[in-house]
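Please consider the following note alongside the sequence and the coordinates.

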Amino acid sequence: MKFTFKAALLSTILAAGLAAPALAQDTLKLPNMSYRTGPFAALGTPHMNGQLDYMTMLNERDGGIGGVRIAFDECETGYNTEKGVECYEKTKSEGALLTQPWSTGITLQVLPRTNVDEIPMYAPGYGFSAMQDGKTFKWAFNPPTSYWDGASMIMNAISNGNLDSLKGKKVAFLHLDHPYGKEPLPLLQALAETHGFELLPVPVGLSEMQTQSAQWLQIRRERPDFVVMWGWGAMNAGAITEAVKTRYPMDQFVSVWWGAHEADLNLVGEAGKGFRALSWNFADSNSKLMQDVKKHAVDAGKSQLNQGAGEFDYTAYQRGILMSVILAEGVKVAQEHAGTPMITREQLRWGLENIKLDEARLEELGATGMMAPFSMSCSNHTGHASAWMVEWDGAKFNKVSDLVEADRSVIDPLVEKAAADYASANQPWQMNDDCAQ
Amino acid sequence: MFYRIAGQYKTSYHTDYALFPVKQDAWLLALILLFAFVVFPLTASDFMFRALLIPVLIYALAALGLNILTGYAGQLSLGTGAFMGVGAYACYKLITIFPDLNIIVAIALSGFFSAAAGVAFGLPSLRIKGFYLAIATLAAQFFLLWLFQKWAWLYNYNASGAIQVPNMQLFGVTVAGAQAPVLAQYFFVLIVVCVITMFAVNITRGRIGRTWKAVRDMDIAAELVGINLMKAKLSAFFVSSYIVGIAGALFVFMWRGAAEADLFDIQLSFRVLFIAIIGGLGSILGNYLGALLIVALPVLIGTVPAAFGLPISSAMVEHLNTMIIGALIIGFLIIEPHGLARFWALIREKLIIWPFPH
């Protein structure tokens, strides 16, 4: 008896490992690589909750997209690149329509494979900036805006649109010492050279995220006119508390969109007044979109949201919602074009390339004012949505600017070069030669 | 019954000291190799290769390298992750500087860079021992990681600071890069691992291996019988770091495809050290058993809920996984503190005398 039990256990473990789970034909498989564990869980979780809740809402309200339910399965990576490989292979074998790597490190690993395996990669608001070049990166998408767009928009915003006014000034670039944090450096260096401001990169190692005393000592000594932050996870909260402690003027402290996170600012409250972030989304809990999510996912008890902490109103949570809005739009466009609700990877790729989220469509979705309108094409896989500067008033973020534009004339040549470099380093690389635009 | 040694007579010292004094051991190994070379390639899926087989082989190789240093020569090292990094970065530089270089040559050469780094950081072992040496190798870990991050030449001034593996061919087959079929990568790794394992088995059984063991067991006694401690310790550092460096090159080129410096942090060193300790210090087989437990088992456990349709969230599976593996590690170490290799040795002894208890 004992032996048979052990044998049964062993054989099930073996069978589970060997047999790929049966493919269910009646769902759209849109898996996500989540990290609700590990050092970046604090910022990852609200985004993942948002992404998941919007898809849950679509399943509950509309029965999915085009009448087919969405299987938005999560594969936990803990931001660990090793798990990323595992999750990519697992979801691929299960027939996933796309991959959402959710980390610049995993993106770097997976990007060349997606081009060979012909799987769309959806990296909303993160990833590799050069992915905007859809001719080179046929299968990769990073709407609504890229890091280089973000860096350019931040510089435009802090100089009030006149970058030459920064001449002779000093801009500290406080960033995570990781592929993600280094991403905007080439653009900022190019801007610093043309406009004559001094760029001071201040890297924060993964092990120093919480205690940035050395970095802020350097900032205090150098007295930069602006600090631009490119942080993630625990680094943002660490930087904001250090800035308050060293009494760095908050109105000179600007972050990329991930810094617009209420939980980090709640730690300092009033003392953080004046802190700004560039955000491509703006939280509006009363919008029709959010009310639908509230009704069908949150109040129905189908969400993992931490309601007690007010996570529903977080910019990060609602950003997650919008990430899924864009993806669902791509799926819908693909279904309409293909004439069938059960789309293939190639059809989804077409759908993502042909997303048109204009004001009318945003209003239809109930998301007016939550993000800027944008559209994509086969040569433009980013969409280049504009973004707002949001400012912390001690209790919440407010829009303090009109939509800020990125400086395409600086970014596009850099993108072209980076994409060409990437393709030549990865020869033979499949380009999208059909794209005429 | 399964392991009956009756009738296998040894008539010379040569046969008594043969690699497989018991015939069944050779049969068992042949069976495992049959699985590795024939059965898995015919049956396994991409997921099996990329998430299970290739990582197990590479981690086992890294642990084998560490085991030579720690298990055979008795020098504790916490710098394995960084030495893997040296191998990986050296291989990357070699193939970008000499694009026509054969990948086997590049990987074989990259081992020498990590071996040189290993010897350099092994120099303190001539004066300090045990935990103090571990701290010295810890310095190697932090210093080398810092170097990988700050020395932009190492990653060809890439904006993201990461190294990316180009597509590389060997005898007309792409073996590295995104275009490489997984089967080619698997066979490449398998053959390299087999060759190095054979080398390691032989070197640890021979004269050099015995000097290492003598140094490990009591270095003063070893010195008194005429062993040159400096030569013994530094050769252990050299061979160990060479193997670890090759494992690092395979780690990036045959499996990951891209790597940033943080990949080679102290967590990786600990992971390899745990594989060596749980597998069994001073054993070759143990590295494979340890890698199966630490690398493969979590992946297998992760697939269980989905296979049975259990409604457990992926994050919860991850938490459960950590708990189960932790409990198993403690459990195995309580049952057999000398590691899984010793555990297998006990099972084997029992099988030899089975069905009699003594």
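Predicted model: local features only at pLDDT ≥ 70, side-chain atom pairs only at ≥ 80, totals over all residues.

1. Residues are numbered from 1 along each chain as its sequence is written, and chains are lettered from A and ligands numbered from 1 in the order in which they are written.

2. Chain B is assigned domain 1 (1-7 + 19-43) and domain 2 (44-353), with bounds from an automatic or database domain assignment. Their C-alpha centres are 25 Å apart.

3. Between these domains of chain B, 7 residues of domain 1 are in contact with 8 residues of domain 2 (contact: C-beta atoms, placed from the backbone, within 7 Å). The domain 1 side comprises 6 nonpolar residues, 1 polar and no charged (nonpolar: Ala, Val, Leu, Ile, Met, Phe, Trp, Tyr, Cys and Pro; charged: Asp, Glu, Lys and Arg; polar: the others, Gly among them).

4. In chain A, helices H5 (residues 147-158) and H15 (residues 408-425) pack at about 150°, with axes 10 Å apart (axes are lines fitted to C-alpha atoms over the stretch in contact; angles run from 0 to 180 degrees between N-to-C directions; helices are DSSP runs of H or I, at least four residues, and strands of E, at least two, numbered from the N terminus). H5(A) is therefore roughly antiparallel to H15(A) (angles over 145 degrees). A:Trp148, A:Asp149 and A:Ser152 of H5(A) meet A:Val410, A:Ile411 and A:Leu414 of H15(A).

5. In chain B, strands S2 (residues 168-170) and S3 (residues 173-176) run antiparallel, joined by 3 bridges (pairing requires at least two DSSP bridges). B:Phe171 adopts a positive phi near 50° in this hairpin, which has 2 residues between the strands.

How values were computed:
Contact = placed C-beta atoms within 7 Å. Parallel < 35°, antiparallel > 145°, perpendicular 65-115°, else oblique.
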